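Student: Could you take me through one part of this structure up close? I'd like to start with a single residue and then see what surrounds it.

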Amino acid sequence: MITATAELLTVPEVMARLKLGRSTVYDLIRSRRLTSITIGRSRRVPADAVRDFITHEIEEAA
């Protein structure tokens, strides 16, 4: 659940945090593996969603 105080990241910020390319980040968004919202024409990813994605990936790798 996204709260009103959630930090929203731009796609370039997500790219930097995950060390991934733009198309890979958009593929993760498109496949719903990474939660995002659209505000106007801008795509934003909650910071919690990035942390959840990393946690899930670590659990899957174990």
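Predicted model: local features only at pLDDT ≥ 70, side-chain atom pairs only at ≥ 80, totals over all residues.

Tutor: Arg 22 sits in helix α2. Leaving out residues up to four places away in sequence, Arg 22 touches Val 11, Pro 12 and Met 15. Take Pro 12: it's 10 residues from Arg 22 along the chain, yet their C-alpha atoms are 7.3 Å apart.

Now step from there to the core. The largest nonpolar core has 14 residues, and among those with the most contacts inside it are Val 14, Val 25 and Val 45. Helices α1 (11-18), α2 (22-30) and α3 (47-61) each give two or more residues to this core.

α1 and α3 pack at an angle of about 30°, and their axes are 11 Å apart. The pair is therefore roughly parallel, since the angle is under 35 degrees. Their crossing is right-handed. From α1, the contact uses Val 14, Arg 17 and Leu 18, while α3 brings Ala 47, Val 50, Phe 53 and Ile 54. Sort the residues of that contact and you get 6 nonpolar, no polar and 1 charged. As a general point, nonpolar side chains tend to be buried together in soluble globular proteins.

Conventions:
Residues numbered from 1 in each chain as written. Heavy atoms only, no water. Core = buried A, V, L, I, M, F, W, Y, C linked by side-chain atoms within 4.5 Å. Buried < 20%, exposed > 50% of the residue type's maximum accessible area, 1.4 Å probe, protein only. Helix = DSSP H or I, 4+ residues; strand = E, 2+ residues; numbered from the N terminus. Axes fitted to C-alpha atoms, helices over the stretch in contact; angles between N-to-C directions. Parallel < 35°, antiparallel > 145°, perpendicular 65-115°, else oblique. Left-handed = near helix turned anticlockwise from the far one by under 90°. Contact = heavy atoms within 4.5 Å. Nonpolar A, V, L, I, M, F, W, Y, C, P; charged D, E, K, R; others polar.
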